[in-house]
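Subject: Structure for you to look at

Hello,

The structure I promised is below. Please open it next to this message and follow along, element by element.

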2 protein chains.
Amino acid sequence: MDEKQLLMIPGPTAVPQSILLAGARPMVNHRGPEFKAALDECTRGLKRVFQTSHEMYILTASGTGGLEAAIVNMLSPGDLVLSVSIGVFGDRFADIAETYGARVEKMDFEMGQAADPEQLRTRLSQDSGKEIKAVLITQNETSTGVTNDLAAVGAIVREHGALLLVDGISSLVAMDCQMDAWQIDVLVAGSQKAFMIPPGLCFVAINDRAEAAMKQAKIPRFYFDLGKAKSYLEQGQTPWTPAVPQVFQLQAALKLLEKEGMTDCFGRHARLARATREGVKALGLKLLADEAHASNAVTAVRRPTGVAVADLRKLMREKYGVVLAGGQGTLKDEIFRIGHLGYVGEADVIATLGLLGLGLKELGVDVDPAAGVGAAVSSLGG
Amino acid sequence: MDEKQLLMIPGPTAVPQSILLAGARPMVNHRGPEFKAALDECTRGLKRVFQTSHEMYILTASGTGGLEAAIVNMLSPGDLVLSVSIGVFGDRFADIAETYGARVEKMDFEMGQAADPEQLRTRLSQDSGKEIKAVLITQNETSTGVTNDLAAVGAIVREHGALLLVDGISSLVAMDCQMDAWQIDVLVAGSQKAFMIPPGLCFVAINDRAEAAMKQAKIPRFYFDLGKAKSYLEQGQTPWTPAVPQVFQLQAALKLLEKEGMTDCFGRHARLARATREGVKALGLKLLADEAHASNAVTAVRRPTGVAVADLRKLMREKYGVVLAGGQGTLKDEIFRIGHLGYVGEADVIATLGLLGLGLKELGVDVDPAAGVGAAVSSLGG
């Protein structure tokens, strides 16, 4: 079966057929009424998902472009920012800030651990001169499968007064993220994760404090200038020609999400993540993440002794059609990752764990290949 | 008929059904073998279209993002650049350079005219200190429907030694553009024009001189960093998650273009453009462009006395399903534009001119409504 694949990576994720076809709608004028209607509907729908009443912009770029938009619209060269990083994507956010001339102070936590809000509180309380302009943090670290406690972080950062810029690329829709209630100033997400649509768009929400900061920010910007995005959005347009198919797909996806309901959607992700973890552990494998902070979007698994990650991924893809992700950065050859976000159901998780058991066995691991799927099914029934 | 539209704007353009559906292929891992194969094929195909043997990068952004990539990868703050502009998009290229700290000297030509290569030669010959680092120019100015003579410009700029950065967003595929033979150093195109695929991608080709310049260029860059694009392309990947559907669509479009042949494709665009101009003139309307330099991609037409552009566009869209573009910048209410690039054939041009005749008549213009379509058909048969 050439085409049949279980795409179990943390993005791009599988896309429902109805959404694939929503992108195949005939092209329209991006400055005409059909596109305006879609953009308006998407902007309103995204605000519900972000749980915000503030401004929301849809940009044609990958998630990294959204992070760049957050940096260049909020900061000036020389600004001190505190980067709280628990992995590759936290580091990337810091790299972008550094590239554009911010002074970046790093607060790194071990891979597999969540950020400690108390350590953040301590550092911010020492900053009596309010030198720190912004705190950068990832809600869900895709490279390690760990989720940070943003409610706690938000309260601490607001007490200090710095801007809180959040990478929510792999978290939005897969887990609760209350932009306004948690006092997040800038929140970035990407289309190709739990939104169930193809890559090509990112979403950037900014609140009033962020909008005020934007007026002072001096990093040069053009393509990612949110001031331009704001003035065009008032006419139902984007400043530059947008990825029209993905906007139509977002419109369709938001309808699916509304039908499921956000609470049920978060519950589904939590249930599938738990079943994945139980299944993996029953196969004798070790999770990278501290389970207290394990992600509902992606599970990172340490490779079993004697098995190369590349070999396992190749076997799983070529023999069983299950596409798994490898590690990133220093974890490249140490872990593999199972994405379970977006258009994923019980069937996908059960199938993946069953086939993972077979794959491990075939690579010489001394394991009952049915142990994982058994534990997963039990977890789903529990 | 709610859906049936003739999308006669200069981008986004109509997309063939087979290409729409190529984008509805199930999602794949952007770091896996299926995507690598598509990216390799697209990169090779684009080099044929650009008529270059040099480096070619596919970025997830609109064409403006590609222009930004050209600027930030080639220049340093303080560099002197000469902007040759004949309209809104030439001005935009200059604005981007200025935003990122270049010193921009403007050489503007009247809207409707092409750039005069001799004026460029004179200015460059005065620059004995070789202060001018780069020349920016648009091959086809979408806002006025005028095409610049890039073969002449290329020779003049190379004689001076400055880099030649070309906006080919609305020209590539619609007209001949010989990157290597014409000595273009950086050439940018966009997916949603004559390539017949939806918006979401831009293409940036750079030659060896540009690659050398990139190593010296000091404008900060991250998302649009072509150095990162180069190192990932060597592995068959893009640095950031790309708009996967549009890459599959590009793959399909390049096959269609190969089947038609580039010479026939340029011929088709020239024939349709000529028929459009003859039809418009036979309706008593005036072209904005100097006909010696009129574009094969888009025709800009002065509004008839007593008719508001907005009224004409509204009538044409709502009554006849023909979507025309308005003017931009200072020409906003003075012209309308007919796009005839990409997936456009004789039938589309004939229908448009026939309906334009009816529309003008209905708005009170004293005209034989059949005159335009008659002239267009004669032109096509001539």
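**What was found**

Arg25(B) counts as partly exposed, because 19 C-beta neighbours lie inside 10 Å, and a residue needs 20 or more to be buried. Arg25(B) sits in the loop between α1 and α2 (33-50) of chain B. The C-alpha atoms of Arg25(B) and Ser125(B) are separated by 53 Å, and the two residues are 100 apart along the chain. Please keep in mind throughout that this is a predicted model.

**Domains and chains**

Chain A is divided into domain 1, residues 17-258, and domain 2, residues 262-381. The C-alpha centres of domain 1 and domain 2 of chain A are 28 Å apart. Where they touch, 23 residues of domain 1 of chain A are in contact with 22 residues of domain 2 of chain A. On the domain 1 side, the touching residues are eleven nonpolar, ten polar and two charged.

Chain A also touches chain B: 43 residues of chain A are in contact with 43 residues of chain B. Which elements of chain A give two or more residues to this side? They are α1 (17-22), α3 (63-74), α4 (88-99) and α9 (244-260) of chain A. The largest share comes from α3(A), with four residues. By kind, the side of chain A that touches chain B has 24 nonpolar, 17 polar and two charged residues.

**A sheet and the helices on it**

In chain A, four strands form an open sheet in the order β1-β12-β13-β11, with mixed pairing. The edge strands are β1 and β11 (298-302) of chain A, and each of these pairs on one side only. On average, neighbouring strands of this sheet are turned by 30° against each other, direction ignored.

β1(A) pairs with strand β12 (residues 322-326) of chain A in the parallel sense, over three bridges. To find this pairing on screen, look for Met8(A), whose bridge partner in β12(A) is Leu324(A).

Helix α11 (residues 309-320) of chain A lies across β12 and β13 (335-339) of chain A and runs at about 160° to β12(A).

**A helix pair**

How do the axes of helix α12 (residues 346-362) of chain A and helix α13 (residues 371-381) of chain A cross, and at what angle? They come within 7 Å and cross at roughly 155°. An angle over 145 degrees counts as roughly antiparallel, so α12(A) is roughly antiparallel to α13(A).

From α12(A), the residues in this contact are Glu346(A), Val349(A), Ile350(A), Leu353(A), Gly354(A), Leu356(A) and Gly357(A). From α13(A), they are Ala371(A), Gly372(A), Val373(A), Ala376(A), Val377(A) and Leu380(A). The contact of α12(A) with α13(A) divides into nine nonpolar residues, three polar and one charged.

**An enclosed strand**

Strand β2 (residues 55-60) of chain A is largely enclosed by the rest of the structure, because five of its six residues are buried. Six bridges join β2(A) to strand β10 (residues 201-206) of chain A, and the two run antiparallel. Within this pair, Ile58(A) stands opposite Phe203(A) in β10(A).

**Backbone details**

In chain A, the peptide bond between Gly11(A) and Pro12(A) is cis, with omega about -5°. Pro12(A) lies in the loop between β1 (6-8) and α1 of chain A. In chain B, a cis peptide bond runs from Gly11(B) to Pro12(B), with omega near -5°. Pro12(B) is placed in the loop between β1 (6-7) and α1 (17-22) of chain B.

Val173(A) is not a glycine, yet phi is positive, at about 80°. Val173(A) is in the loop between β8 (163-167) and β9 (186-190) of chain A. Is Val173(A) buried or exposed? Val173(A) is buried, because 26 other C-beta atoms lie within 10 Å.

In chain B, Val173(B) has a positive phi near 80°, again in a residue other than glycine. The loop between β8 (163-167) and β9 (186-190) of chain B holds Val173(B). With 26 C-beta neighbours inside 10 Å, Val173(B) counts as buried.

Regards

Terms used
Residues are numbered from 1 along each chain as its sequence is written. Chains are lettered from A and ligands numbered from 1 in the order in which they are written. This is a predicted model: local features need pLDDT of at least 70, side-chain atom pairs count only at pLDDT 80 or more; totals for chains, interfaces and linings use all residues. Domain bounds come from an automatic or database domain assignment. Two residues are in contact if their C-beta atoms, placed from the backbone, lie within 7 Å. Ala, Val, Leu, Ile, Met, Phe, Trp, Tyr, Cys and Pro count as nonpolar, Asp, Glu, Lys and Arg as charged, and the others, Gly among them, as polar. A residue is buried if 20 or more other C-beta atoms lie within 10 Å of its own, exposed if 12 or fewer, and partly exposed in between; C-beta atoms are placed from the backbone. Two strands pair if DSSP finds at least two bridges between them. Axes are lines fitted to C-alpha atoms, for helices over the stretch in contact, and angles run from 0 to 180 degrees between N-to-C directions. Angles under 35 degrees count as roughly parallel, over 145 as roughly antiparallel, 65 to 115 as roughly perpendicular and the rest as oblique.
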